[in-house]
Amino acid sequence: MKNPLFSIILPVYNVSKYLRPCIESILSQTYKNYEIILVDDGSTDNSPKICDEYVDSNACVHVIHKLNGGQSTARNVGLDIAIGEYIYFMDSDDYLIDEQMLEKIENCITKSHNDIVAFKFIKWFESDGHIEECTFNYQLSVPSNDYAEVGIQLTNKDAFYNAAWCKVVKRSLLLNNNIKFQIGIVGEDNDWGYQVAYHAKTISLIDEPLYGYRQRAGSVTRNTSSKPLVDMLWIIDKWDNIIREEPANRNCEVIRQSLSKIYCNTIITFSKLSNNSIYYPLLKKHKYLLYVGRNRRVVLFRWIISLIGLKGLIAVLKRM
């Protein structure tokens, strides 16, 4: 396909159980002007064979087989060869729940040509098959396509997500600003999402769940080691330093508001780990973030800390 509107990039690593349903959910879309880029990240199961089968039978599917380097490297490699006007990073164990998803996104693009089109999602729990619907909506009190205006409204109502799989982004925005996924960290979507937020000018919202986010044991997001804490503190510190340089930049205010929620999650992660005292000074350094956020968890944590302090909050969370 010479001029696809979408390049859909799937990092693939030992997901043979899930890969076919994921790819089929794309191929069944009513809108067909897309390319699928499968990046086999050194899989040791049947995933490479499945990738090759789809390449042989579908002209829109391409595959790269590479040595294992992690999800970030796979996504970056996919972006390097993508030619679509918009980039969509999808996880290869998830699926599209609406056959008109790409058509609905294309309609938004035709109307506005905004930098980003974001949409909602459901969570599907593999253990028992139950579905958790979205707990937020994209209904804005002040309709706008200005990224800063929309982003601030979304952070206030706890509807701002950095995940790469809940938005499509103009390829030119990514390439012109050298936006890549940070290699070697857990939660790389947060750092990538803030890079996008820093540079974006416009956004469209689709107030419908279009994506199925599979919840499964053993996935990256289930990691319980100290690394997620270390990496989230690194992301908070990095972006706190960046946004302090531009206090009047409204896109930076979106990032600051989002960081306040991420900071709450980091406190929770900190409380669940033993031998974590080495990280406490950096955690305490960013406590001010609790005084800039407006979502419910931030407000609750701020109130608790006003009563019993940060260490008191950590002690309470540790017992939960």
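User: Which residues of helix α3 are buried?

Analyst: This is a predicted model. Helix α3 spans residues 71-81. Its buried residues are covered by elements including β1, β2, β3, β4, α6 and α7. The buried ones are Ser72, Thr73, Ala74, Arg75, Asn76, Gly78 and Leu79.

User: Which residue has its backbone nitrogen 2.8 Å from a polar atom of the Asp41 side chain?

Analyst: Asp41 touches a run that includes Leu67, Asn68, Gly69, Gly70 and Gln71. The backbone nitrogen at 2.8 Å from the Asp41 side chain belongs to Gly70.

User: How many disulfides does a search of the whole structure find?

Analyst: A disulfide needs two cysteine sulfur atoms within 2.5 Å. For Cys166, the nearest cysteine sulfur is that of Cys134, 9.0 Å away. For Cys264, the nearest is that of Cys166, at 19 Å. The search of the whole structure finds 0.

User: Which residue caps the N-terminal end of α9?

Analyst: The cap uses a side-chain oxygen. That oxygen lies 2.8 Å from the backbone nitrogen of Asn251. The capping residue is Asn249.

User: How many residues apart in sequence are the parts tied together by Glu208 and Lys104?

Analyst: The two side chains meet in a salt bridge, 2.7 Å from N to O. Glu208 is partly exposed at 32%. Glu208 lies in strand β9 and Lys104 in helix α4, so the pair ties together parts whose separation in residues is 104.

User: Which residue forms a salt bridge with Lys261?

Analyst: Lys261 is in helix α9, and its partner is in the loop between α5 and β8, 103 residues apart. The closest N and O atoms are 2.9 Å apart, and the partner is Asp158.

User: How far apart are the closest N and O atoms of Asp231 and Lys227?

Analyst: Both residues lie in helix α8, 4 residues apart, about one turn. Residues three or four places apart in an α-helix point the same way. Asp231 is buried at 7%, whereas Lys227 is partly exposed at 35%. Their salt bridge has its closest N and O atoms at 3.0 Å.

Terms used:
Residues are numbered from 1 along each chain as its sequence is written. This is a predicted model: local features need pLDDT of at least 70, side-chain atom pairs count only at pLDDT 80 or more; totals for chains, interfaces and linings use all residues. Side-chain values use heavy atoms; hydrogens and water are left out. A polar contact is a pair of N or O atoms within 3.5 Å; within protein, one must be able to donate a hydrogen and the other to accept it, and residues adjacent in sequence count only if both atoms are side-chain atoms. Helices (H or I, at least four residues) and strands (E, at least two) are DSSP runs, numbered from the N terminus. Contact means heavy atoms within 4.5 Å. Buried means under 20% relative accessible area, exposed over 50%, partly exposed in between (1.4 Å probe, protein chains only). A salt bridge is a side-chain nitrogen of Lys or Arg within 4 Å of a carboxyl oxygen of Asp or Glu.
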